[in-house]
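Let's take a friendly walk through a protein structure together. Keep the picture in view as you read, and look for each part as it comes up.

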Amino acid sequence: MRSALSLAGLLLAFSPAPALAAEAPAVAAGPVPREEVQSDLSTREISIQSNFTGIQILIYGSVDFSQTNAPDQSVYDVIIVIRAPSRPLVARRKERVAGIWINTPGKVFPSVPGFYAALSTRPIRAIASDETLKELGIGLANVSFGRDSKDDSEEETYRSAVIRLQEKKKLFQEHDDGVAFIGRSLFRASVSLPVNVPIGRYTADVYLFRDGQLVSKNQSTLEVNKAGFEQMVYLLAFQHPFVYGVLAVLLAVLAGLAGWAAFRRD
Amino acid sequence: MFQVYLPIAEISVNLVVMLGLGAAVGFLSGMFGVGGGFLLTPFLILSGIPASIAVATGANQIVATSVSGALAQWRRNNIDFRMSALLIAGGVVGALVGVFLLKMLREAGQAGLIVSLTYVALLGAVGLLMLTESLRAIRRVRAGKPASGRRPGQHNWIHGLPLKLRFPRSRLYISAIPPLVIGSVVGLLTAFLGVGGGFIMVPAMIYLLRMPTNIVIGTSIFQIIFVTAVVTILHASFTYTLDVVLALILATGGVIGGQFGVRAGQRFRGEQLRAMLAAMVLAVALRLLLDLVLRPSELFSIAPIMAGA
C-alpha cells in the first residue's frame with residue numbers, strides 16, 4: 001500500500017517536467033523559472049522488529065524547470081543529508097598509567113547526530129565552497145556536535161575520533177557517488193541504515209547546487225520506531241522498569257523450572 | 001535468517017550462537033556449581049554486546065540456570081537452607097551497594113577498568129588458591145591418603161566468633177557472621193560484575209567455613225537464584241541495561257546445558273572438579289589482564305550520556 005503511494009508520488013514528481021519543457025519556448029521572453037528540487041523517500045516509516053537487520057532506503061527526487069540540455073550533461077549537483085536526532089555523547093581517550101590503559105575524563109559533545117549520512121553526485125568539496133558546506137552542516141567534517149572546536153588541535157583529535165568510531169559502526173557515512181541522475185531531472189540515491197540505528201524522527205535534506213550555489217532545498221522526514229513485541233519490551237523497560245525487572249525474573253524462573261521438568265529422571 | 005534483534009541492546013545477534021553460548025555456560029554451571037557469569041559476561045562482551053548490558057542480562061540468565069541447577073541439587077539433598085538464608089540476607093545488602101557503585105563508575109567512564117581489574121584480582125587469587133589446594137589433594141589421593149583435608153577436631157579463628165548457630169545439614173556449629181559477610185561480598189560482586197559469585201563463594205565456604213564440597217555446591221547454586229533475581233530487578237530499575245530477549249535466549253540454552261553439567265559433575269571427584277575450575281578461572285583472568293596491559297588498537301571510546309544523569 002505504502003509502496004504504491006510512493007510510486008504514485010514518483011510519477012507525479014516526474015510528469016510535470018516534459019510538459020514544462022514543451023512550454024519553455026513559449027515563455028522564453030519572460031524570466032527563466034527558477035529550478036526547484038522535489039524529493040521523497042521509499043518509506044516514511046521504519047518499524048524495528050525481531051527480524052530487523054538493517055534496512056536500505058531509497059531517496060528519489062527531480063529537478064523542476066531543469067535547464068540541463070542533454071541527459072549526460074547535467075549542470076546540477078545534488079547533496080542529500082540524512083540526520084537522526086542528536087544526543088549528548090562523551091569521548092574518552094585511554095592513557096597508560098602504571099602499565100595499565102585507563103580512560104581519561106574525556107570531552108562531552110552536547111549534540112551528536114545518532115545517524116548521519118551525506119550522499120552526493122561528486123565529492124562535496126568540488127560542489128560548493130567550504131563556507132557554504134559548513135553553514136549547511138554538509139559532510140562529516142562540517143557536522144555540528146554542539147561544541148565549537150576553535151582550531152584547538154586537542155579538540156580536533158577528539159572530534160575526529162568520534163567521527164571515526166561512528167563511521168566504524170556505519171552510523172556516519174559519506175558517499176561521494178551516492179546520488180545518480182537519471183535523465184535530465186530525475187535523481188536517486190540509496191542509503192543503508194545499520195541494525196544499530198537509533199530511533200526517532202530522521203530528516204532527509206536534499207540540496208540542489210548549480211555552479212557552487214545552493215538553488216533549492218527540500219526536506220522529507222522518516223520515522224524510525226520499534227514495533228510489536230520489541231516496542232512493548234522497550235516501553236516497559238523504560239517506563240515501568242521495576243515491573244519489567246520482576247517479569248524478567250519470573251520468566252527466568254519459569255525457564256529454569258521448565259528445563260528441570262523436561263530433564264528430570266525420577 | 002537466525003538473526004534476532006535485541007530491543008534494549010539495539011543490535012542483531014545470531015540465535016544459534018547465543019543459544020550455544022548459553023548452553024556452554026549452563027553446562028559449566030551445573031558441573032561446578034558456579035553461576036557461570038564470570039565466563040558469560042566476558043563472552044557476551046566479546047560477541048559485541050555492550051558491557052553494561054552484558055552485566056545485567058548475565059544476572060538475569062543466571063536466575064534461570066540456577067533454578068534448574070538448584071532443583072537438581074535439591075533432589076540430591078545437597079542444599080543447606082539455613083546457611084542459604086544467611087547468605088541471601090547478606091547478598092541483598094551487597095547487591096544494593098554494587099548496583100549504585102556501578103552506576104557511579106559508569107557515569108565517570110571507569111566502569112570497564114574497575115570491573116576488569118576486580119575480575120583479574122579476584123579470579124587470579126581464587127584460581128591460584130584453588131589450583132594449589134586441589135593439586136595437593138590430588139597428590140594425596142595418588143599417595144593413598146584420604147582426599148579431604150577436613151579434620152573434625154580442627155578449629156580456626158572463624159570458630160571464635162559469637163552468634164553461633166547450628167547447621168545440621170553441613171554438620172557445622174559456627175557463627176552467623178562469616179556467612180553474612182560472605183553473602184554480602186558475593187552480592188556486591190553479582191551486581192558489579194554480572195557474576196553469580198560461585199567462584200568466590202564455593203572456595204570461601206570450603207576453606208573458611210569448612211563445609212563439605214557437595215553441600216557447598218548445592219547451597220551456592222540455591223542462594224545464587226535469589227541474589228541474581230534481586231540484582232536483575234535493581235539493574236532494570238536503575239541502569240536500564242537489562243535485555244530480556246537476550247536473557248531468555250541465553251537461559252534456554254543454559255537450562256539445557258545445566259542439566260548435562262550436573263550429570264557430568266557426578267563423574268568427577270571433588271578435587272578434580274576444583275582443579276578444572278581453577279584452571280578455567282585463571283585463563284579468564286589472564287585474558288582480561290592482557291586486555292588491560294596490551295596497547296589497545298583504538299585509544300578512543302564513545303559513550304552516550306543518559307538524559308538526567
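## A four-stranded sheet

In this predicted model, chain A holds an open sheet of four strands in the order E1-E3-E11-E10, with antiparallel pairing. Here strands are DSSP runs of E with at least two residues, helices are runs of H or I with at least four, and both are numbered from the N terminus. Two strands pair if DSSP finds at least two bridges between them. Strands of a sheet pair through backbone hydrogen bonds, either parallel or antiparallel.

Which strands form the edges? They are strand E1 (36-41) and strand E10 (179-182) of chain A, each pairing on one side only. From one strand to the next, the twist averages 25°, an angle between lines fitted to C-alpha atoms and taken between N-to-C directions, on a scale from 0 to 180 degrees. E1(A) and strand E3 (residues 55-64) of chain A share six bridges in the antiparallel sense. For A:Asp40, the bridge partner in E3(A) is A:Tyr60.

## How the model is read

Residues are numbered from 1 along each chain as its sequence is written, while chains are lettered from A and ligands numbered from 1 in the order in which they are written. Because this is a predicted model, local features need pLDDT of at least 70 and side-chain atom pairs count only at pLDDT 80 or more, whereas totals for chains, interfaces and linings use all residues; side-chain values use heavy atoms, leaving out hydrogens and water.

## Chain A as a whole

Chain A has seven helices and 13 strands.

## Around A:Arg83

Now find A:Arg83 in strand E4 (residues 76-83) of chain A. What does its side chain reach at 3.1 Å? That is the backbone oxygen of A:Gly137. The side chains of A:Arg83 and A:Asp205 are joined by a polar contact of 3.0 Å. A polar contact is a pair of N or O atoms within 3.5 Å; within protein, one must be able to donate a hydrogen and the other to accept it, and residues adjacent in sequence count only if both atoms are side-chain atoms.

## The largest nonpolar core

The largest nonpolar core has 51 residues, and B:Phe38 and B:Leu123 touch the most other members. Such a core is a set of buried Ala, Val, Leu, Ile, Met, Phe, Trp, Tyr and Cys residues joined through side-chain atoms within 4.5 Å. Helix H5 (residues 111-142) of chain B gives the most to this core, with nine residues.

Technical notes: Buried < 20%, exposed > 50% of the residue type's maximum accessible area, 1.4 Å probe, protein only.
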